[in-house]
Protein chains: 2
Amino acid sequence: MQALPGFRDFLPRECAERNYIFARWRETARRYGFVEWDGPILEPTELFQKKSGPEIVTQLFNFTDKGEREVALRPELTPTLARIVAAHDRDFKKPLKWFSIAQCFRYEKQQRGRLREHFQLNCDIVGEGSLNSDVELIALAIDLLRALGFGADDFVVRISDREFWIDFLRSRDVAKERWSELLQIIDKSEREPRAKTAARLGDLAEPTFAILDGHGANEKLSRVMEDLRERGLDTFAKVDLSIVRGLAYYTGIVFEVFDRSGKFRAVAGGGRYDNLIAQLSDGAVSLPALGFAMGDVVLGDLIQEIPAADDQMRNVIDATSAVDIYIVIAKEERRDDAMRIGQRLRDSGRAVDYPFAGAKVGKQFQTAELVGARFAIVFGDEWPQVAVKNLANGEQQLVAQDELVAYLATSGSLSSRAERTGVEGPRGDTRT
Amino acid sequence: MQALPGFRDFLPRECAERNYIFARWRETARRYGFVEWDGPILEPTELFQKKSGPEIVTQLFNFTDKGEREVALRPELTPTLARIVAAHDRDFKKPLKWFSIAQCFRYEKQQRGRLREHFQLNCDIVGEGSLNSDVELIALAIDLLRALGFGADDFVVRISDREFWIDFLRSRDVAKERWSELLQIIDKSEREPRAKTAARLGDLAEPTFAILDGHGANEKLSRVMEDLRERGLDTFAKVDLSIVRGLAYYTGIVFEVFDRSGKFRAVAGGGRYDNLIAQLSDGAVSLPALGFAMGDVVLGDLIQEIPAADDQMRNVIDATSAVDIYIVIAKEERRDDAMRIGQRLRDSGRAVDYPFAGAKVGKQFQTAELVGARFAIVFGDEWPQVAVKNLANGEQQLVAQDELVAYLATSGSLSSRAERTGVEGPRGDTRT
C-alpha cells in the first residue's frame, strides 16, 4: 500500500525540512507583528463557491458527509479568513495582521511543484486601506525569503497595479464585460509571442505594449518602490505591469514572487482585495484587506536549487535534530544509575538517548555517531565516576556522577538549542 | 456561515494555546531522542479497515474521490506508521523512536472532550521488544505532562499488562472466542457495580476480583514501577490491572493516563502491539512495537482546570506573542526614517510594529500597550535622536538614531525569545 497520488509521506528528513520552513515563516511573521490563527481543514463547499463561483467544485476534494452536508477540504484560506473576521468584527482592533500555515487541497492531476496537497503560508492585513500596508506586506514577502537564505540574485517580487489597468480600460471606453478577458491576455503576454498578443488586443495593442515596456508612469507603484528602497529591499522587487493575476477579486496592488532563473512556478502571490470580505459576508462587514500566499512545495524545490539556502537549511536541521548526549552502558549493572542520571539530564533540557538492550561498547559508540550525539557518557568500571567523551574533538574526561549535570550545563559544546540555531539572529542579510 | 459542527476555528488566542501544547510536545519528545514524522491526512479507506475491521467505516469521514478511490480522513496514525515503516524497513536502523502531531478525524456526535477533529501526539518505538522500551515510553508520557506544568497530584498513569490477562484466561481454560468479551468486561469493571461484573464473569469473578484487588503478583509490572522509581517518576504512575484497553491488537504492557480528579476522559493511552505491523503489512515486515496517543482537546480542558498548568501556559504565551518594539511616528515626515530603522531592528531579530496611518501620539501609545510592546520608540522632534521608552517601567532615554540598533541589542529588557520562554530550562519539575 502507498500514499494516495499527490499526497506526501513526511519521513524524518522531509518532516525536518517542512518544520524548518514553518519555523522560518513563523519567526519572520512574528518580527512583522503578525499573529497566527487557523481554521478548519474541512468547510462547507458553499463557502468556497461563494468566492470562486460554482465551477470551483471541479477542482475540489468535496463530498457529502454522513449528515448530508456538502463539504470540501479547503483549497485556500481566504474564505475562512473572511468568515472568521466577519463573525468577530467587534472583538479585534483593526488593522489585523494575521498569518496562518494551512494545509490546502485540490483535486487536480499532480505535476512538478503542484501536488494534491500543500502547506500554504497566508499573511493578511485586514482593515487597512493605506499604501503603507501594501508596502509592509511586500516587505514581509521579501523577508520571508531572506530568512530562508535567498538573496536578491535568487528571487524577485514583480509588483503591479490592478487599478491602473482598470483605469486604462476605462479611459479607452472598453466595455466592462471585456475587462476580465483583456486582463487575462495582458497577464499571459510575457509568455506569448507579441504578434499573438497584439492580434488578440486589437486597438489596445499599441498603448498596452507601451505600458508594458515601461512607458507608463504610475505614481502608486513608484511610491511602493521608493518605500522599499528606504527599507533597503528594492533590489528584491521590480515593477512589472504584466502581472495582473487571474483572480477577479483583486482591487489594487498585486504581486507575484518568482525565482530569478524563471525555472519554477510562482513562489508566492497576492494583493489587495478590498471588496472580498463584504462579498463573502453578504455585506455584513466591509473591510479593506490585502494578503498573499506562499506554498511549501515550490519553495522546497527552490531551496534545493540555491546552495546558500540549502546549506542554511541543512545546518539548522543538523544543529537542531541531533541528540545532545548518548549514554553508553558499558556494564549492564550500571543501567539503573544511567537511567537515573539520564532522567536528570533530560530534566535539565538535554536530549538524551541510550540503548534499550545490552550491546558492545563499540556498537553503542556507533549508534552515538548515528544519532549525531555531541557527547557520549560511559557508565562502566569507573563508577562512581563516568567518562564524558566529546565526540566532536575526541576529548575525554572522568567526572564524578553527582557532578555530571552541572558539568554538562557549563560545557561550551552543549550550548542551548537557541544558540546553536541562531533563532534570534539575523538571517539572509549577509547576501542582501 | 459557521464552522462545521465538531470543527474548531483557531483565533489568535486559541492558536497560541494550540502552538504552546505542540511546542511542549516537540521539545519533550526531542529530549527523549524521538524524531518527528508525518503522513497524509487522507488515506485509502482500506488502510484503516485492515486494522480495525470493516465496521470502522461507520465512524470515518470517508468518501469516494473523483478518481473513484475509497478514501478517508485519517482517524488515527498507527496504520500510516505501519505502512511507512514496512515500506522503508531497510532505510532506518532499529529501534525507531518516532513521534508525530497529527490532526485526526471521526464522524461522531460531538460531546465534551470529543470533537470531530483533534490533534493527536503519537509516540512510537518500533523494532524493540525489551521491557526497557515500555518504561521509556511511559516515562515520556509522564514527562510530556510534566512539561505542561502538571504534577503528581494532577494526573496518574495507570499501567497494566494485557499478556497477564491472556495468561490468566489460558490458565483457566477459557475458549479463545470468549477472550475479547471477557477482557471488555474486565476493562469496564471499574465503572460498573461489582455484582453486575460478577454476574457477567461467572466462575471467573472470584479470581478476577482477587487480581483487581491487588493480590495478583506480576513481575513485569513490578519491574516497570521499579524502573520508574529509579527515574524519580513512580509517583506519577500506578499498577491498575483493570486497564485492558478495548483494542484487540495490544500484546503486552498497556497504559492510560487520567486526571486524578477523574473528571475527564483519558488524556492519553497506548501500549505494546508486537503483531500489528506484520498484520498491516501482510507479513512483509514483522517488528515488535509500542506507542501511545495523546489528544489536544482533553489536555486543553485539563490545563484550564489546573492553575499551575494554566499559569505556565499564559506566561509562556504572553512572553512569546508580544511585540518587542512599537514605533511611534510623532511626525509624519519621520516615517521614512522610522521604516528604515524599523527594518534594521527586524533584521536584528526584533518583532516591530508601527501605525500604517498617521495618528495622535497618545493613541499610538495605546496601541503599543495593546500589542504588549516592551519598548516604544518615538520618531519626532528630537530627530536625529529618538526617544526610547521602556513600557514596563516608564523609563525614557534619548538615543542617537544610528546607535539605536546596538542600544536595543544590549538592553536587558529585550532578552532573546528563548531566554524569555525558558525553552531550554527544566519545566514542571518543581512540582515533582
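**Group meeting talk: a predicted two-chain model**

Hi everyone. Of the 432 residues of chain A, 43% count as buried. Buried here means that 20 or more other C-beta atoms lie within 10 Å of the residue's own; exposed means 12 or fewer, partly exposed is in between, and the C-beta atoms are placed from the backbone.

Some housekeeping. This is a predicted model, where local features need pLDDT of at least 70 and side-chain atom pairs count only at pLDDT 80 or more, while totals for chains, interfaces and linings use all residues. Residues are numbered from 1 along each chain as its sequence is written, and chains are lettered from A and ligands numbered from 1 in the order in which they are written.

How confident is the predictor? pLDDT is its confidence in each residue, from 0 to 100. Chain A has a mean pLDDT of 92, and 94% of its residues reach 70 or more. Please be careful with residues 421-432 of chain A, though, where pLDDT stays under 50. For the complex, the predictor gives an ipTM of 0.93 and a pTM of 0.94.

Now the layout of chain A. There are 16 helices and 16 strands in this chain. Both are DSSP runs numbered from the N terminus: helices are H or I with at least four residues, and strands are E with at least two. Along the principal axes, the C-alpha atoms of chain A fill a box of roughly 90 × 55 × 45 Å. An assignment, automatic or from a database, sets the domain bounds. In chain A, domain 1 is 12-39 + 74-316, and domain 2 is 323-419. The C-alpha centres of these two domains of chain A lie 49 Å apart.

Next, contacts. Two residues are in contact if their C-beta atoms, placed from the backbone, lie within 7 Å. Take the contacts in chain A with a separation of 6 or more: residues 24 or more positions apart account for 68% of them.

Let's go inside. A nonpolar core is a set of buried Ala, Val, Leu, Ile, Met, Phe, Trp, Tyr and Cys residues joined through C-beta atoms within 7 Å. The largest one has 156 residues, and those with the most contacts inside it include Ile138(A) and Ile138(B). Which residues does Ile138(B) touch, leaving aside its neighbours within four places in sequence? They are Val157(B), Ile159(B), Val224(B), Leu228(B), Ala237(B) and Phe255(B). As a general point, nonpolar side chains in soluble globular proteins tend to be buried together.

For a contrast, look at helix H14 of chain A, residues 361-370. This helix is hardly covered: among its 10 residues, the count of buried ones is 1. Just after H14(A) comes Gly372(A), with a positive phi of about 70 degrees.

How do the two chains meet? 75 residues of chain A are in contact with 75 residues of chain B. Helix H13 of chain A, residues 335-347, gives the most to the side of chain A that touches chain B, with 6 residues. By class, that side of chain A has 33 nonpolar, 15 polar and 27 charged residues. In this scheme, Ala, Val, Leu, Ile, Met, Phe, Trp, Tyr, Cys and Pro are nonpolar, Asp, Glu, Lys and Arg are charged, and the others, Gly among them, are polar. Because 100% of the interface residues of chain A are also interface residues in chain B, the copies meet through the same surface.

And the symmetry? A rotation of 180 degrees, with 0.0 Å of shift along its axis, superposes chain A on chain B with an RMSD of 0.1 Å. The two copies are therefore related as by a two-fold rotation axis.

Finally, some backbone details. A cis peptide bond, with omega of about -5 degrees, joins Lys94(A) and Pro95(A). Pro95(A) is in the loop between helix H3 and strand E5 of chain A. In chain B, the peptide bond from Trp383(B) to Pro384(B) is cis, with omega near 10 degrees. Pro384(B) is found in the loop between strands E14 and E15 of chain B.

Is Glu68(A) buried or exposed? It counts as exposed, because it has 6 C-beta neighbours inside 10 Å. Glu68(A) is a residue other than glycine with a positive phi, near 65 degrees, and sits in the loop between strands E3 and E4 of chain A.

Definitions and conventions
Copies are superposed by least squares on the C-alpha atoms of residues with pLDDT of at least 70 in both. pLDDT is the predictor's confidence in each residue, from 0 to 100.
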